[in-house]
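Work through the exercises below with the structure open. Try each task before reading its solution.

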Amino acid sequence: MSPFDRPVGPRSLAVRAEAGTAAAEVLRRVLAEDGARLVLLVPDPHARFAAVELAAPFAAEVVDSGYGVCSYVFAWTPEREPLPENGPLKPYLGGFGDLRVRLDAATAFPLGDRTWAVVGDAEFPSGEPAGLAPRTVLRTQLARLEEHGLVPSIGIEHEVVFRTLEGDPLTGHGADYAVGGTERLAPLLADLRSATAGLGVESARAECHPGQYEVVLRHRDALAACDDALLLQMLTRRVAARHGARADYLAAPETGQGNSCHVHLSLSTSDGPAGFRFALGAFLAGVLRDARALSAVWAPTWNSYVRLRTAPFSPRELRWGPDDRTSSIRLCETPRWEFRFAGADAQPHLVVAALLAAGTAGLAEQLSPPDAGTLCGQLASSPWEALALLEEGRVAALLGEDVAAQQAALLREEVDAALGSVTDLHRRRGALRS
């Protein structure tokens, strides 16, 4: 068994740290070899990596010492422009100094040509974790859940649309579960399977919209699940580019269509079956109560709210149901919950952190879940509504004031950018007035 394998199922933070220590010993030797390269990756708030590439022999030293990345990567726009400076963002924007990225060697993944991708955690020069880093946010919530004797196992599925560079889907029609009709995708998908071997893909299939495909990663610990979901997206985009295509992770690739980020979550505990049943119910009740307040996490972009109009499979209504894909929360038979709130544009570390924060609050307050099918509210229907919910304070209580301020700043910038743009909709409606 390789120290870089992705074990299936839950791992506590302590067990995961032990795996990282063992992996670091091997990674140090690999990166010291002539020709070896390290791509150091840091998840940013926009569901992508900030990256630094390092060559041997210095790459091996970085395993122990870490390496710097500009602090504004956690306070920038999708176009990599700094957000307006405010109180919580000031440490990340004032002076644009360096944060140190400490490698998590357990994340190492071979990219080919003796190059290794490794994800890291960001900290200030003082050693204090960077509180706005999505990985830090997730670690914090995992630690809080462990205080209740629970460890989650997470499986993430993403939908993507493959297009030509001109924007045409690589299938001319929906091909849900189809074998035929996907021939044009076959060479790209064959290369994608090779590129992602070892990443722990559970299944892949054609989906219901033109050019759409779904890839599901096997259950693993929460940090690995989110890191690997972003690695999968990165590799998918690279393979698509080699085939003269592009991989589209927009939440709503077209009107009436949706790309989702569904999160499958189960809990492990040593408290016995009775306590386990209570934990599942209280966790569910907490998520249902706070899902609306957390709308900006599930739906971080203007486009996200187009997806939330594509019910029943991107449901805004908050209810749960046994094996019901029209419910926003589906109970699978394991028992395992499938949370269907987020679009493919959502940041997976933050999505899982938000689920854990809300569920842990339900555990702490010993909440009881509603009956299956009971309507418990709705997600926000617009970015303005989501922004107002952010400012009410519940997100700050769950994820911290700094994270709530970061999310509010990001959503305000998203709205400002949209209002500063002229779109095809504007032109079409303008023509109707002539």
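**Exercise 1. A helix face**

Which residues in helix 2 (residues 58-65) are buried?

Solution. The model is predicted, so treat every value as computed from it.
- Step 1: Pick out the buried positions. They are Ala59, Ala60, Val62 and Val63.
- Step 2: Look down the axis of helix 2. Its buried residues fall within an arc of 155 degrees, so they line one face of the helix.
- Step 3: Find what covers these residues. The cover includes helix 1 (13-32), strand 1, strand 2, strand 3 (67-70) and strand 4 (98-103).
- Step 4: Step off the end of the helix. Just after helix 2, glycine 66 has a positive phi of about 75 degrees.

**Exercise 2. A hairpin**

Describe how strand 1 (residues 37-43) and strand 2 (residues 49-55) pair.

Solution. 
- Step 1: Get the direction. The two strands are antiparallel, with seven bridges.
- Step 2: Check one bridge. Valine 39 is partnered by glutamate 53 in strand 2.
- Step 3: Inspect the turn. Five residues separate the strands of this hairpin, and alanine 47 in the turn has a positive phi of about 60 degrees.

**Exercise 3. The core**

Solution. 
- Step 1: Zoom in on phenylalanine 74. Among the residues it touches are Val42, Pro43, Tyr92, Leu132 and Gln406.

**Exercise 4. Tryptophan pairs**

Compare two aromatic pairs, tryptophan 302 with tryptophan 384 and tryptophan 320 with tryptophan 337.

Solution. 
- Step 1: The whole structure has 10 aromatic pairs.
- Step 2: Take the geometry of tryptophan 302 and tryptophan 384.
- Step 3: Tryptophan 302 is in the loop between helix 8 (295-298) and helix 9 (304-307), and tryptophan 384 is in helix 11 (residues 383-390), so the pair ties together parts 82 residues apart in sequence.
- Step 4: Tryptophan 302 is partly exposed at 32% relative accessibility. Tryptophan 384 is partly exposed at 47%.
- Step 5: Turn to tryptophan 320 and tryptophan 337. Their centres are 5.6 Å apart and their planes at 90 degrees, so this pair is edge-to-face.
- Step 6: Check burial. Both tryptophan 320 and tryptophan 337 are buried.

Methods
Residues are numbered from 1 along each chain as its sequence is written. This is a predicted model: local features need pLDDT of at least 70, side-chain atom pairs count only at pLDDT 80 or more; totals for chains, interfaces and linings use all residues. Side-chain values use heavy atoms; hydrogens and water are left out. Contact means heavy atoms within 4.5 Å. Two strands pair if DSSP finds at least two bridges between them. Helices (H or I, at least four residues) and strands (E, at least two) are DSSP runs, numbered from the N terminus. Buried means under 20% relative accessible area, exposed over 50%, partly exposed in between (1.4 Å probe, protein chains only). The arc is that of the directions from the helix axis to the C-beta atoms. Rings of Phe, Tyr and Trp (its six-membered ring) pair if their centres lie within 6.5 Å; planes under 30 degrees apart count as stacked, over 60 as edge-to-face and the rest as tilted. Lists of a residue's contacts leave out its neighbours within four places in sequence.
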